[in-house]
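This report describes one protein chain in plain terms. Please look at the sequence and the structure before reading on.

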Amino acid sequence: MDWGDKEVNVSINRACALCAAFLGIISIAVIIAAFLLTKNLTVVWLELLFVVPVFAGVAAFVTFLRHKLVLFSDDLCRT
């Protein structure tokens, strides 16, 4: 992809890493805000019990999606 003088490389890996970092920062901010508002450590543990499985599910879905994209692009290049 060429935008003016710079060549921009668009990568699925880079996009996934940026999305993961963004979701991680948002999750940490919500946990800190909830703790500061409630001063209750139980809230932090409950939010971690929610955030960790959601993050793991999103990671599994992205891994599956990347695998399907690789298979699709391989099939497309063979034709």
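Helices (H or I, at least four residues) and strands (E, at least two) are DSSP runs, numbered from the N terminus. This is a predicted model, in which local features need pLDDT of at least 70 and side-chain atom pairs count only at pLDDT 80 or more, while totals for chains, interfaces and linings use all residues. Residues are numbered from 1 along each chain as its sequence is written, and side-chain values use heavy atoms, with hydrogens and water left out.

The protein has 2 helices and 2 strands, which follow the pattern β-β-α-α along the sequence. Of its 79 residues, 6% are buried; buried means under 20% relative accessible area, exposed over 50%, and partly exposed in between (1.4 Å probe, protein chains only).

**The largest pocket**

A pocket is found on a 1 Å grid over the protein atoms alone, as an open set of points where a 1.4 Å probe fits, with protein on both sides within 12 Å along at least five of seven lines; lining residues have an atom within 4 Å of a point. The volume of the largest pocket is about 180 Å³, where volume is the space filled by probe spheres set on the points, and points are joined across faces, edges and corners. Helix H1 (12-38) and H2 each supply at least two lining residues, and H1 gives the largest share, 5 residues. Among the residues of the lining are Cys16, Leu23, Phe55 and Val62. The lining divides into 9 nonpolar residues, no polar and no charged. Here Ala, Val, Leu, Ile, Met, Phe, Trp, Tyr, Cys and Pro count as nonpolar, Asp, Glu, Lys and Arg as charged, and the others, Gly among them, as polar.

**Single residues**

| Residue | Relative accessible area |
|---|---|
| Ser27 | 18%, buried |
| Lys39 | 59%, exposed |

Ser27 lies in helix H1. Its C-alpha atom is separated by 8.9 Å from that of Leu48, 21 residues apart along the chain.

Lys39 is found in the loop between H1 and H2. Most residues other than glycine have a negative phi. Lys39 is not a glycine, yet has a positive phi of about 55°.

Glu47 sits in helix H2 (residues 41-78). Glu47 is buried but has no salt bridge, that is, a side-chain nitrogen of Lys or Arg within 4 Å of a carboxyl oxygen of Asp or Glu. The nearest side chain of opposite charge, Lys39, is 13 Å away; Lys and Arg count as positive and Asp and Glu as negative, while His and the chain ends are not counted. Leaving aside neighbours within four places in sequence, Glu47 is in contact (heavy atoms within 4.5 Å) with Val30, Ile31 and Ala34.
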